[in-house]
Amino acid sequence: MEAAPGEEAPAGAFAKPEELDHGEGLKASDEATTFMSSIEAAELQECVFPDSLVTVSEGGRDLGTFSVTVEFARRAQQPCVLLHAQSQGAIDDCPCGTTVTAYLTADLEVLEENYHEYVKLEGHSLDKRCHMVQRDGQMVIDKVTAVGEDVTTERASYPMSVLRGLLTEGSNLLLMRLIALRKKVPEHMTFISFDQGLNIIHTTFSELGLKQLEVGSEMVEVFGVERIVHSVEDSPTTWQCYFLADGHLASRVQVGSPVTMRLLQLPSQLQKGFEKIPLVWEEDMQMRSNFLERKEELKADHASYLRQHPEIRALISDFLQFLLLRKPDDVFQFAREYFPPFASRRPPEPSLKAPSL
């Protein structure tokens with residue numbers, strides 16, 4: 001689900017947001033909303049760390065990487081939690097990936113989130129983007145799906161009053177860290193989410209208990225959480241995740257899929273030779289917004305300067321016209337011979353004198 005961070009849709013691409021009622025009768029359970037409201041600042045502080053896993057096939061072949069970072073940030077001067085998750089790799093030699101960037105409140109309410117998914121096939125590609133943001137008491141959702149040359153756009157909005165207990169792709173990752181740290185999944189943990197058709201659906205969580213898992217060369221105890229994502233049109237999707245005692249993700253798999261995400265080294269070992277994850281600034285909403293604002297400032301400043309000095313355009317135009325007329329082999333030598341006469345037009349610079357002692 002999603003539209004690119006900070007990216008605006010072309011005029012006329014979307015209709016006026018439609019308030020959907022598909023699934024509005026569905027609600028999160030009291031246990032789910034109570035869990036969200038009970039999150040304390042100290043718990044969030046314990047969640048501020050990176051996770052880095054590899055994606056492998058049933059035969060043990062490396063297919064890609066999966067990473068999650070959580071940090072404290074500000075959005076529109078409001079303190080929040082910034083979560084960034086990225087999965088990249090190739091299946092059958094076809095590049096594919098998913099990126100999620102979410103700004104969340106301390107109780108996991110989504111302020112803004114971007115989701116981007118792509119699969120590049122030979123002569124064919126799939127690209128899905130979904131952007132959701134709170135605006136005037138509504139959650140406004142823009143979705144763009146490109147299949148080859150065919151592009152489909154959708155826009156929908158829901159009143160925030162019907163989205164109590166909403167769980168998205170971004171907030172789900174942080175929620176499971178919190179569950180792992182508490183080492184307990186309350187019974188009847190049912191949240192609401194959006195499916196691919198932007199319908200409200202249920203997402204349920206249950207406890208898988210403890211088990212032993214091999215990480216690197218060590219056997220460690222991990223705590224399991226199962227998430228079932230329901231759908232209006234398709235069959236439910238089930239994910240099983242196992243976490244270390246400190247909340248680090250050790251294993252993640254979609255039931256029925258031959259692909260598994262797993263941790264190769266314990267965090268204590270990784271810290272000794274930490275590999276820095278490259279920053280993809282285009283996927284970060286705040287950095288992209290700052291870049292676009294600065295870009296517009298520079299464009300306006302440069303345009304203002306050119307308006308104040310119309311001789312610049314004339315000078316460059318004359319030079320290019322003369323250059324194309326002569327077509328010299330050595331352009332630099334031609335420029336050196338063309339511009340010296342202009343030096344005599346500059347006012348003399350004041351002479352420099354040594355300061356008195």
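This is a predicted model: local features need pLDDT of at least 70, side-chain atom pairs count only at pLDDT 80 or more; totals for chains, interfaces and linings use all residues.
A residue is called buried when its relative accessible area is under 20%, exposed when that area is over 50%, and partly exposed in between. By that definition, Phe334 and Tyr338 are both buried.

**The largest cavity**

- Rolling a probe the size of a water molecule over the atoms shows where empty space is left.
- The count comes to 2 cavities of 30 Å³ or more, and the largest cavity holds about 70 Å³ of space.
- The lining of the largest cavity is made up of Asp51, Val68, Leu173, Met176, Arg177, Cys241, Phe243, Leu249 and Arg252, which divide into 6 nonpolar, no polar and 3 charged residues.
- Helix α3 (169-182) and the strands β13 (237-243) and β14 (249-254) each supply at least two residues of this lining, and the largest share, 3 residues, comes from α3.

**The largest pocket**

- The largest pocket has a volume of about 1300 Å³, and it is lined by 47 residues, of which Thr98, Tyr115, Glu117, Trp239 and Gln254 lie nearest its centre.
- Sorted by class, the lining of the largest pocket has 21 nonpolar, 19 polar and 7 charged residues.
- Strand β4 gives the largest share of the lining of the largest pocket, with 7 residues.

- Side chains of opposite charge can pair when their charged atoms come close.
- Because Arg177 lies in helix α3 and Asp51 in strand β2 (residues 51-56), the pair ties together parts that are 126 residues apart in sequence. Both Arg177 and Asp51 are buried, and both residues are also listed in the lining of the largest cavity.
- Asp142 counts as buried because its relative accessibility is 10%, whereas Arg155, with a relative accessible area of 26%, is partly exposed.

**Aromatic rings**

- A search of the whole structure finds 7 aromatic pairs. In one of them, the rings of Phe334 and Tyr338 have their centres 6.4 Å apart and their planes at 20 degrees, so the pair is stacked; the planes of a stacked pair are under 30 degrees apart.
- Phe334 and Tyr338 both lie in helix α7, where they are 4 residues apart, about one turn of the helix.
- Phe334 and Tyr338 also belong, together with Phe319 and Phe322, to one aromatic cluster.

**Charges over rings**

- The charged end of Arg182 sits over the ring of Phe35, at 4.3 Å from the centre of that ring.
- The charged end of Arg252 sits over the ring of Trp239, at 4.3 Å from its centre. Arg252 is among the residues that line the largest cavity, while Trp239 is one of those that lie nearest the centre of the largest pocket.

**Positive phi angles outside glycine**

- Ala76 is not a glycine, and its phi has a positive value near 50 degrees. Ala76 lies in the loop between β3 (62-75) and β4 (78-91), and its relative accessible area of 69% means that Ala76 is exposed.
- Lys327, which is not a glycine either, has a positive phi of about 50 degrees. Lys327 lies in the loop between the helices α6 (311-326) and α7 (331-338), and with a relative accessible area of 62% Lys327 is exposed.

Methods: Residues are numbered from 1 along each chain as its sequence is written. Side-chain values use heavy atoms; hydrogens and water are left out. On a 1 Å grid over the protein atoms alone, a cavity is a set of points where a 1.4 Å probe fits but cannot get out, and a pocket is an open set with protein on both sides within 12 Å along at least five of seven lines; lining residues have an atom within 4 Å of a point. Grid points are joined across faces, edges and corners, and a volume is the space filled by probe spheres set on the points. Ala, Val, Leu, Ile, Met, Phe, Trp, Tyr, Cys and Pro count as nonpolar, Asp, Glu, Lys and Arg as charged, and the others, Gly among them, as polar. Buried means under 20% relative accessible area, exposed over 50%, partly exposed in between (1.4 Å probe, protein chains only). Rings of Phe, Tyr and Trp (its six-membered ring) pair if their centres lie within 6.5 Å; planes under 30 degrees apart count as stacked, over 60 as edge-to-face and the rest as tilted. A charge sits over a ring if NZ of Lys or CZ of Arg is within 6 Å of the ring centre and within 35 degrees of the ring normal.
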